[in-house]
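Biologist: Could you walk me through this model, as I have not looked at it before?
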Amino acid sequence: MAKYITKCKLNFYNSRKAGKIAIVTMDNGEDYRKPNTWSLEALDSLNEVLDTVEKDPDVKGWLLVGKPFIFNVGADIMSIDPNVTRDDALAIGRKGHATFKRIMGLNIPTVAAINGAAMGGGVEVSLYHDYRCIAKDPGGCDHFAFPECFIGLVPGWGGTQLVPRIAGPEAAVELIINNPLNQNRMTKATRVFDLGLADRIFAPAEFVDDSIAFLEGVITGEEKVEKKQVNPKMDDDLYNQTKAYIESRVHSGAIAPYKALELIKGAGEWTLDEGLAKEDEALADMIVSPQCKASIYSFDLVQRRAKRLPGRPQNVQGQRIKQIGIIGAGLMASQMALLFARRYQVPILMKDIKQEFVDRGIGYVRDQLKKQVKKGRMSEADARWMGEDLIQGTTTYDGFEDCDFVIEAVFEEMGIKQKVFGELEGVCKPECLFLTNTSSLDITEMASKLKDPSRVVGFHFFNPIAVLPLIEIIKADKTSDVALATAYDIARKIKKTPVLVKNSPAFLVNRILLAMMDGVLKCVDDGAPFKQVDKAIVELGFPMEPFALLSLVGPAIALHVQETLNAAWPERFPINQGLKNLVEKKKAGVYLGADVDPEVKEGWPQGNKQFTDEEIQQRVLERLTREIGLSLEEGIVESPKDVDTAMIMGAGWPFFMGGITVYLDQKGYSTKVLGKPFHTGNPLAE
Amino acid sequence: MDLRDAYFIDGLRSWYGRAKPNGFYWTTRADDIVTKIMKELMRRNPEVPWDDVDDNIWGATTQSGDQGTTMGRTTVFTAGLPDRVPGFSVDRMCAGGMTAQSIAGAWIKTNAADIVIAGGVEHMGHHPMGAEADPNPRIVTEKMVEPKYFNMGVTAEKLHDWMVENGYPEVTREESDVYSYHVQKRYAKALAEGYYDDQTVNMAVFTPDGWKVADRDEQARPETTLEGLAKLKSPFKAAGKVTAGNSSGLNDGATVALMMSGEKAKELGLKPKMRLIGYAFEGVDPSIMGWGPIPATDKVLKRYGFKIDDIDFIELNEAFAVQAVAFMKYFGLKYPEDPRLNPYGGTIAIGHPLATSGVRLSVQLAKDFELHPEARYGLCTMCVGLGMGGATLWENMVGKDL
């Protein structure tokens, strides 16, 4: 990772009208796929350039620019030694500050030309310049972000202090807190310019030329720049709103965004040097924090490891997909049709038993496409093409002979699924794959009635499909390598993250979630109030309260999965009477408005044990630890990293807990319950 | 139908780089250079309704990679012209740009177009000469062209010998060198005096050493001495006469011109710089490719009723000095310097990114006319690989009304 060291390359341009201009290019010598980053060596190289420029009295202006498509994406977090001491961490912050402040100290006009992706320390270096030009999106700077809070850090090289001073505390909160907590959302050049963080926005085609011309104009005085008038003081409303927003996203689980908020607020009160010193301290605290380590582990899992497709058969060519079939036209099936249409852009047949079901499914797809058009994310022509030409509804198997794969999303009953696959086998070409979206049925059994069971593979989506990026790929006993490889390719093509899971009851994510639920329900059974349990669990940092999750999934489905697990492991997954009663009463959840539904309370047998929040957390986490340990022992997945990838992508579990296993190690649960940690040494290096 | 007049409104070029890893444009796409000069042309001529351009024609010898995908069409997008503007690419090797400009003129004359962008581009660093060529083997087996004459340097050596063998005056090595020396000096003087200022545009380029500004012709050697030239050896022949010092180099760059009908120019209130009188292309024995400008010039003069003495300025693309000296001797110009021929320097100093050069000649001729309003007619001429010559004939419009 540190192999590609970004160098600051100095060239001089002798402008006829403005004199000698220093053009400083950040470049690691690789193409855009390996972006420029800041490392200690890169900072040294910037210092060397500054030495030269400071000494040359003929230099009339300074321009900092990146390589094509990339400005600088900030500190290379993967290169941070996991055993770094706080003193070393402090030194990292100070070195960045000291280096960048030298740009501020130059007594010539300075311009940062943000030509492409800029993140973290890449954004920060630009803030020390007199002016910023930014390349217009699309194609210029489409990725501008402070991702620090997303990975358990705070901006540590001036971001929290300079953004409020340049563009105001609202802009700082949006960029440094809100966006990273909103799935690490990226900002585009146009928004950066509107926020007042850039002084000029130029088209990408001649961006560097235009930026040089701008600097020439500044030097000669022809260019007049109106700076945004900013009050860096944060008012109480913004502070309270932001705090409430952080609580809604991470509850009290994550530390970094709260720290960032204090630093942004402080920018309105401190001198710059005071603020930068506070940033140093905060960054050092965060770098050595367990949350940051877990976050970096998680980041590496989803950004790098998952993209290498662990578990895909090597050197096996997946099949080409030119037509797709879907059996069922319910909500899940319609969401699939929409996704396949957008990503594959090939004909899709959606079959159900009644025309009205088909019409409802097609109607859903078209409504969703219309919404995309309204949001400006799709042209009307494309929406019409996908909704009316690509996706065809049908009640017969006509046309299925041309499908390259068919995925079923029919009722969760073995007999029905076997029947569907049997009928398909009579119509489809021999190489057509059969995918099943079952969440709980045995796939080997599902395939067993076929002449060729090797064509069946599990392909389990998570609801809502548009939000959760996980696909559990389930290999049945006879699944062929080609089928498996193709399933991986399909997952990548629709931009999902595949995790290979053994064919076993409820597969992985639902089993883990039900184990957690089991711990939760037992606490309630013993006497803990619903609300106390919800609060205790969500405070750990999970994305939602357990009983909110129960409502989202639907009590009936939860019970169904519990029954599946109970059939396999009756001791560990007893049928919960309260849940059963809830389903019988057809309740959507345990709450009615803000309070517990009295009818639910009535039908839920409870003991009278008093719990502290810690006791609840301990019980639930121990239950989780046990189930994860067993899953790994049974080989449901290959490694704890698969567990974490699946829980992050399929259940939205937080980066700062490392999915879950890193957190369970950090808190000692794994050693206590299993006798050893999930990870030995540095989990990143495993 | 009566023919209409076609006019040269404006033209400019990128600076020409050396086609080497340390040259300006080594990591810059050919079509990005085209985009840059098209945008500059548009910026410089705000009175022109650019949405109404009738065609965008680009010459390039290699039509693949960053010079492929029908660059005349793709640069419509990259330069920001509207979708309705069509475009295409042409190839006549070195005369690709000259051919594009001739087509533009012909279409305007025949009322098929009013506003046409025509240019030439060549990134010889990305597309070394002949690298992607697959000539028909019959050309060699049936002795249509000897394979050695696919190498342009060898044809230049042959031209020296052929002239003597065929009763033309000899061109000596020394004459070629002296001529080249004068080209370098004339170019250096013109550059310093600002002759090239408004026919070139600077361009920021990303290089392995970081961003730089391509702001000069990289090949020019103002420090050239006669002694230095005399020491150079021919890479093409033992005791040969053609050297790096008396030839053009391998270069990257692009040149563009805006051509327009008289009606349109008048309607827009534009003052054209030149009127295109006509053009001619003519083939010769491929082994004496450099002879091409002579029959092409004879042809264009004859077709349009001119004599060489009617011509006030000749911009000749001297891929090799020998052809310039041969041309001077054939048409009775004054050697080693004739005030009518390449008065402000030439290809040996500027560089020769193949298909660009024909258009560059016209851009310089327009500047010659601007500096000499009394001049009436001018000629651009060049040699072309595999034995061809091309020539365009122009009338000075400076100070004249439409």
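Modeller: What follows is a short talk through the chains and their domains. This is a predicted model, where local features need pLDDT of at least 70 and side-chain atom pairs count only at pLDDT 80 or more, while totals for chains, interfaces and linings use all residues. Residues are numbered from 1 along each chain as its sequence is written, and chains are lettered from A and ligands numbered from 1 in the order in which they are written.

Biologist: Which domains does chain A have?
Modeller: The assignment, which is automatic or from a database, gives domain 1 (7-288), domain 2 (324-502) and domain 3 (509-635).

Biologist: How many residues of domain 2 of chain A are in contact with domain 3 of chain A?
Modeller: Seven residues of domain 2 of chain A are in contact with six residues of domain 3 of chain A, a contact being two C-beta atoms, placed from the backbone, within 7 Å. The centres of these two domains, taken over C-alpha atoms, are separated by 31 Å.

Biologist: Switching topic, how many residues of chain B count as buried?
Modeller: Of its 402 residues, 58% count as buried, meaning that 20 or more other C-beta atoms, placed from the backbone, lie within 10 Å of the residue's own. For chain A the share is 51% of 686 residues.

Biologist: And what box do the C-alpha atoms of chain A fill?
Modeller: Taken along the principal axes, the box is roughly 85 × 60 × 45 Å, whereas the C-alpha trace of chain B spans about 60 × 50 × 50 Å.

Definitions and conventions
Buried ≥ 20, exposed ≤ 12 C-beta atoms within 10 Å, placed from the backbone.
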